[in-house]
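I would like to walk through one structure with you, so please have the sequence and the model in view while I talk.

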Amino acid sequence: MVDVRTSMIDLHFDSNTLTNPEKRSDIVNRIEELFQSHFMKRKCEGAFGESYVVCFGNEDGSLTCNLKSYPFGLITLTFEDCLDGDESFTNPKLEDIRKELHRNFKIKIEKIPIIKRGSAVPLYFTTADERILEYDFTQVVFQRESPYQNIKILHSPTLGNCLILDDLQNLAESDINYTHGVMKYGSISYTGKEVLILGGGDGGLLHELLKENPKFVTMVDISFLKKLFFC
């Protein structure tokens with residue numbers, strides 16, 4: 001299966017430039033001339049309220065670009081391709097297009113790196129504050145919808161198996177050094193002791209403490225993870 005790649009470039013114009021139909025048309029024409037070297041031609045276009053949308057593409061549709069202009073001075077370019085081999089869209093090629101646009105317009109131009117879509121294993125997740133993260137997951141080890149949350153265990157060559165709950169990353173096998181640091185592994189013996197864990201979270205600390213043969217471990221946490229995985 002060939003992944004579909006999506007990438008984006010933003011062009012920042014003066015706020016009144018794109019509300020002028022003649023100026024906007026000239027900008028679109030200049031972008032079209034640049035795209036001809038990438039074998040993309042204008043396929044369709046139309047106005048949607050105060051925005052204007054133009055679709056470019058190559059002959060077989062394996063590479064397309066949607067241009068959208070906004071009245072406050074922004075043009076977004078959204079590229080999608082499923083090309084193979086040397087013809088495939090890459091981040092260096094995207095940077096070349098950004099540089100061409102900058103030479104042409106002499107304005108602020110920003111790019112968003114390529115996102116790979118359609119893979120059999122999910123690669124992208126967000127942090128709690130909505131920042132996107134890309135992983136090198138290669139295999140779905142486990143997946144289930146429990147009464148409490150969506151559970152995934154995905155395998156990564158760099159992280160090992162990684163626990164994902166409701167599409168938020170919880171822990172991975174590579175986190176063992178952090179867990180050992182929290183419990184001061186090797187410096188403190190928990191054998192025969194009563195241990196209280198406040199905020200046990202994913203249960204990784206509990207798992208490691210039980211290997212020390214403690215007398216009893218109490219874990220207090222507001223989540224149901226201990227019920228799901230350790231009961």
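This is a predicted model: local features need pLDDT of at least 70, side-chain atom pairs count only at pLDDT 80 or more; totals for chains, interfaces and linings use all residues.

Lys106 has a positive phi of about 55 degrees, although it is not a glycine. Is Lys106 buried or exposed? Its relative accessible area is 60%, and therefore Lys106 counts as exposed. Asp167 is another residue other than glycine with a positive phi, here near 60 degrees. Asp167 sits in the loop between β11, residues 160-165, and β12, residues 168-172, and with a relative accessible area of 36% Asp167 is partly exposed.

Which residues have the most contacts inside the largest nonpolar core? That core has 28 residues, and the ones with the most contacts inside it are Ile9, Leu11, Phe35, Leu77, Phe79 and Leu101. At least two residues of this core are supplied by each of β1 (4-12), α1 (21-35), β3 (51-57), β4 (63-70), β5, α2 and β6, and α1 gives the most, with five residues. As general background, nonpolar side chains tend to be buried together in soluble globular proteins.

Phe35 and Phe79 come up again when we look at the rings, where ring pairs link Phe35, Phe56, Phe79 and Phe89 into a cluster. In the structure as a whole there are eight aromatic pairs.

Cys65 is in no disulfide, and the nearest cysteine sulfur, which belongs to Cys55, is 8.1 Å away, whereas a disulfide would require the two sulfur atoms to lie within 2.5 Å. Cys65 is also buried, at 0% relative accessibility. Cys82 is likewise in no disulfide, its nearest cysteine sulfur being that of Cys55, at 14 Å, and at 36% relative accessibility Cys82 counts as partly exposed.

Charged side chains give us a further set of links, and a search of the whole structure finds 14 salt bridges. One of them joins Arg5 and Asp81, with the closest N and O atoms 2.9 Å apart. Because Arg5 lies in strand β1 and Asp81 in strand β5, this pair ties together parts that are 76 residues apart in sequence. Both Arg5 and Asp81 are buried.

A salt bridge also joins the side chains of Lys116 and Glu134, at 2.7 Å from N to O. Lys116 belongs to strand β6 and Glu134 to strand β8, residues 132-134, so the parts tied together here are 18 residues apart in sequence. Lys116 is partly exposed at 31% relative accessibility, and Glu134 is partly exposed as well, at 42%.

Then there is the pair of Glu194 and Lys215, whose side chains meet in a salt bridge of 3.8 Å, N to O. Glu194 lies in strand β13 and Lys215 in the loop between α4 (204-210) and β14, so this pair ties together parts that are 21 residues apart in sequence. Glu194 and Lys215 are both exposed. Elsewhere, salt bridges link Glu32, Arg42 and Glu45 in a network.

Staying with the surface, Leu196, Leu198 and Val220 make a nonpolar patch of about 320 Å². Val220 is found in strand β14, residues 216-220, and at 44% relative accessibility Val220 counts as partly exposed.

I will finish with two distances along and across the chain. Thr90, in the loop between β5 (74-81) and α2, is partly exposed at 29% relative accessible area. Lys193, in the loop between α3 (176-182) and β13 (194-198), is partly exposed at 40%. From C-alpha to C-alpha, Lys193 and Phe72 are 65 Å apart in space, and they are 121 residues apart in sequence.

Methods. Residues are numbered from 1 along each chain as its sequence is written. Side-chain values use heavy atoms; hydrogens and water are left out. Rings of Phe, Tyr and Trp (its six-membered ring) pair if their centres lie within 6.5 Å; planes under 30 degrees apart count as stacked, over 60 as edge-to-face and the rest as tilted. Patches are made of residues with over 30% relative accessible area and no salt bridge: like charges are joined within 9 Å, nonpolar side chains (Val, Leu, Ile, Met, Phe, Trp, Tyr) within 5 Å. Accessible areas come from the Shrake-Rupley method with a 1.4 Å probe; for residues, only the protein chains shown count as cover. A salt bridge is a side-chain nitrogen of Lys or Arg within 4 Å of a carboxyl oxygen of Asp or Glu. Helices (H or I, at least four residues) and strands (E, at least two) are DSSP runs, numbered from the N terminus. Buried means under 20% relative accessible area, exposed over 50%, partly exposed in between (1.4 Å probe, protein chains only). A nonpolar core is a set of buried Ala, Val, Leu, Ile, Met, Phe, Trp, Tyr and Cys residues joined through side-chain atoms within 4.5 Å.
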